[in-house]
Amino acid sequence: MNSRGLDYTALTIVIIGAINWGLIGILKFDLVAFLFGDLGWVSRTIYTIVGICGLYLISAYGRITDGHNA
């Protein structure tokens with residue numbers, strides 16, 4: 001998978017995680033816990049993957065280019 005594919009995959013996962021946090025904040029509804037159980041190994045794995053993707057996307061700040069330079 002090239003860097004661009006990894007970027008889009010990580011961004012998609014982080015967006016899903018952000019939607020879950022929005023549901024928690026607004027409705028007090030944790031979709032991951034609802035689907036996979038309260039902090040079972042599957043839920044913990046999903047939360048970990050979302051966190052790793054968020055950390056990976058920090059590197060996007062160094063790779064964002066102005067459209068005029070591309």
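How many residues line the largest pocket, and which of them lie nearest its centre? The lining is made up of 15 residues, and Ile16, Gly17, Val32, Ile46 and Val50 are the ones nearest the centre. Please keep in mind that this is a predicted model. Rolling a probe the size of a water molecule over the atoms shows where empty space is left.

**The largest pocket**
- The space in the largest pocket comes to about 250 Å³.
- Sorted by class, the lining of the largest pocket holds 13 nonpolar residues and 2 polar ones, with no charged residues.

**The second largest pocket**
- The volume of the second largest pocket is about 210 Å³.
- You can find its lining by looking for Arg4, Asp7, Tyr8, Leu11, Leu57, Ala60, Arg63 and Ile64.
- At least two residues of this lining come from H1, and at least two come from helix H4 (60–63).
- H1 has the largest share of the lining of the second largest pocket, with 4 residues.

**The classes in the second lining**
- Which classes do the residues of the lining of the second largest pocket divide into? There are 5 nonpolar and 3 charged residues, and no polar ones.
- For the largest pocket, recall that the lining has no charged residues.

Conventions. Residues numbered from 1 in each chain as written. Predicted model: local features only at pLDDT ≥ 70, side-chain atom pairs only at ≥ 80, totals over all residues. Heavy atoms only, no water. 1 Å grid on protein atoms, 1.4 Å probe; cavity = no way out; pocket = protein on both sides within 12 Å on 5 of 7 lines; lining within 4 Å. Points joined across faces, edges and corners; volume = space filled by probe spheres on them. Nonpolar A, V, L, I, M, F, W, Y, C, P; charged D, E, K, R; others polar.
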